[in-house]
Amino acid sequence: MKKFAIISLILIVLSASFFGVSLYHYFDVTGPQATPDQAPTVAEKVEATETKPQTTGVPEQWQDGGIFSKNYDKAYEYMQSMTTEQMVGQLILGTCPTDGTDESTASLYKLGGYFYNSDNFTGLTKDQIKSDITATQSGASTPMIMAVEEEGGKVTALSELDAFSDYNLDTMRNTFAQGGMDAVKSSQTDIATMLSSVGINLNIAPVCDMAEEFTQIMYSRSLGGTVQDACDYAKNATRISQDKGVSVALKHFPGYGTNPDTYLPVVVDSREATTFESKDFKPFKAGIDEGAHFVLMSNILVEKMDPNCVASLSDYMHTILRNELKFTGLIITDNLNNADYSEYANGKNVYVQAVLAGNDMIMVDEIDSAYNAILDAVNNGTISKEVLQKACMRVLAYKYTAGIIK
């Protein structure tokens, strides 16, 4: 009996101990538990996770959901580490010097990119061209856009050189007339393959202008055919080239159309705005919908839309491109040194007006003049820091998207 009582006492003590440990764990380790009607459901937990604010430094008004927007955060963070001078440099696509100063010039101005002509490559082999581009790219603090105009026909940077004699590229008009869209697609594949093989990452093409007679400015450089043919061309050229790692720049917005080749510094277009909407805009829209990375603004004066500024310097024309055609990529000017456009710059310096009008990048021969004019305008407040930063961020976001910045 005594032995039984002792065993019972031991069992009671052990039970009390286990109960005490359980209470300690319940209240002090796990914490107070919600009653079933207070506990969040699985759906509520998921919703709470999904609606948690995302941390980002990108200003809300810049969040446009555009084609580069998935890289806005990285681009914005990168930009935050840059000086004003470095940001200004990113807005410039400069004509590459032929005097051997290409690497030092790119480094001095922190250029966004170079535009190469055939003069940069004359007498070089394919391997030498690739080596030169690679060397310049390697020396850049921020990886660069390396651009050419390779349309086929007379407007070429590489295919006319001996180093690329295995490529037989005719104008797109002749190619289309002889073999239809399949021949054009094959030619676009050859062009993109050729450019990517030497490190070119932007082709300033295709020509989306629509001309009908040989006396018109873009006749030999445009596709020909119907509006739908031009749309198919813009769409296929964009897809084929960018799938091979070579961005395209649809040109020359808003379209030279049927204007005669007057050989004047500035072409004046007196057509109605409705003509552009029903015809000229459509190939650009087709390329934009296919995801074109760039649109190039022409230096044409469209009287019925903006009688004061050529398209590349007109904020109104940029608004049409952004708001009506829904383009969210990079807008770049045609070469601002092709003629004297100061009369059509809204009373401002041409390079400054180009930035204020809404271009993300400007194409120039006179790199030093453009860089200093924009930098001075930022420092004196003519160009706000926000305008500079937004354009720079978009350029950097493009570079991340295209794999130029790894």
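**Exercise 1. The cavity lining**

Task: In this predicted model, find which helices each supply at least two residues of the lining of the largest cavity.

Solution. 
- Step 1. List the lining. Gln188, Ile191, Ala192, Asn203, Ala205, Pro206, Ala237, Ser241 and Val248 line the largest cavity.
- Step 2. α7 (172-196) and α8 (227-243) each supply at least two residues.
- Step 3. Find the largest share. α7 gives three residues, the largest share of this lining.
- Step 4. Sort by class. Six lining residues are nonpolar and three are polar, with no charged residues.
- Step 5. The largest cavity holds about 40 Å³. A search of the whole structure finds one cavity of 30 Å³ or more.

**Exercise 2. Strand β1 and its partners**

Task: Determine which strands β1 pairs with, and in what sense.

Solution. 
- Step 1. Place the strand. β1 spans residues 92-95.
- Step 2. Take β10, residues 362-364. Three bridges join β10 to β1, and the two strands run parallel. Leu93 stands opposite Met363 in β10.
- Step 3. Take β2, residues 113-115. Here too the pairing with β1 is parallel, over three bridges. Gly94 has Tyr114 in β2 as its bridge partner.
- Step 4. From β1 the chain passes through helix α5 (residues 102-109) to β2, a right-handed β-α-β crossover.
- Step 5. Check both faces of β1. Buried means under 20% relative accessible area. Ile92 and Gly94 are buried on one side, and Leu93 and Thr95 are buried on the other.

**Exercise 3. The largest pocket**

Task: Describe the largest pocket by volume, centre and lining class.

Solution. 
- Step 1. Give the volume. The largest pocket has about 660 Å³ of space.
- Step 2. Go to the centre. Of its 29 lining residues, Met218, Arg221, His252, Asp334 and Asn338 lie nearest the centre.
- Step 3. Sort the lining. It divides into 15 nonpolar, nine polar and five charged residues.

**Exercise 4. The second largest pocket**

Task: Work out which helix gives the largest share of the lining of the second largest pocket.

Solution. 
- Step 1. Start with the space. This pocket has about 350 Å³.
- Step 2. Find the centre. Its lining has 18 residues, and Arg322, Ala357, Gly358, Lys390 and Arg394 are the closest to the centre.
- Step 3. α10 (315-324), α11 (350-357) and α13 (385-401) each supply at least two lining residues.
- Step 4. α10 supplies five residues, the largest share.
- Step 5. Sort by class. The lining has six nonpolar, six polar and six charged residues.

Notes:
Residues numbered from 1 in each chain as written. Predicted model: local features only at pLDDT ≥ 70, side-chain atom pairs only at ≥ 80, totals over all residues. Heavy atoms only, no water. 1 Å grid on protein atoms, 1.4 Å probe; cavity = no way out; pocket = protein on both sides within 12 Å on 5 of 7 lines; lining within 4 Å. Points joined across faces, edges and corners; volume = space filled by probe spheres on them. Helix = DSSP H or I, 4+ residues; strand = E, 2+ residues; numbered from the N terminus. Nonpolar A, V, L, I, M, F, W, Y, C, P; charged D, E, K, R; others polar. Buried < 20%, exposed > 50% of the residue type's maximum accessible area, 1.4 Å probe, protein only. Pairing = 2+ DSSP bridges. Right-handed = clockwise from strand over helix to strand, strands pointing away.
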